[in-house]
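Here is a short report on one model. Look over the sequence and the fold first.

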Amino acid sequence: MSNELGEVLTKIGEEYKEEISEESGIFLEVDIGKQAEKFGYSNIVEKYRGVDAVVPLKHTIDGMKVMIDGRTFMDYAQLETGVVIPGHIAKEAALPSKHYEAPESIVRVFSET
């Protein structure tokens, strides 16, 4: 059985690799299910629709910005690509990761990117 979730998460990291800063306090959420659909992994689209991967950005991008408490990201893991995902998704993906410690306050950017 292939690891389609791991492949989708790896592709998200590749897509945003030039924009990722692992310690950033600015982030963009990316819907894993929508990305699976975009990359052609139809078997997992519905299972992961509405589950977000977090992309910490080097610089802010256009869109509405909201300051949130970093404690929102309890039990999150950061992949080698810098993409941050919920801990249970990290276990399912079986990709190398480390515990994620979010900054105290972080800025979420709502964008159509």
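Where is the place of Glu-4? Glu-4 sits in helix H1, residues 4-16. Helices are DSSP runs (H or I) of at least four residues and strands (E) of at least two, numbered from the N terminus.

## Basis

This is a predicted model: local features need pLDDT of at least 70, side-chain atom pairs count only at pLDDT 80 or more, and totals for chains, interfaces and linings use all residues. Residues are numbered from 1 along each chain as its sequence is written, and side-chain values use heavy atoms, without hydrogens and water.

Glu-4 is buried but has no salt bridge. Buried means under 20% relative accessible area, exposed over 50%, partly exposed in between (1.4 Å probe, protein chains only). A salt bridge puts a side-chain nitrogen of Lys or Arg within 4 Å of a carboxyl oxygen of Asp or Glu. Lys-47 is the nearest side chain of opposite charge, 9.6 Å away. Lys and Arg count as positive, Asp and Glu as negative; His and the chain ends are not counted.

## Aromatic cluster

The structure holds three aromatic pairs. Phe-27 and Phe-73 form one that is edge-to-face, 5.2 Å centre to centre with 90° between the planes. Rings of Phe, Tyr and Trp (its six-membered ring) pair if their centres lie within 6.5 Å; planes under 30 degrees apart count as stacked, over 60 as edge-to-face, the rest as tilted. Phe-27 is in strand S1 (residues 26-31), and Phe-73 is in the loop between S3 and strand S4 (76-79), 46 residues apart.

Phe-27 is buried at 3% relative accessible area; Phe-73 is buried at 4%. Ring pairs link Phe-27, Phe-73, Tyr-76 and Tyr-100 into a cluster.
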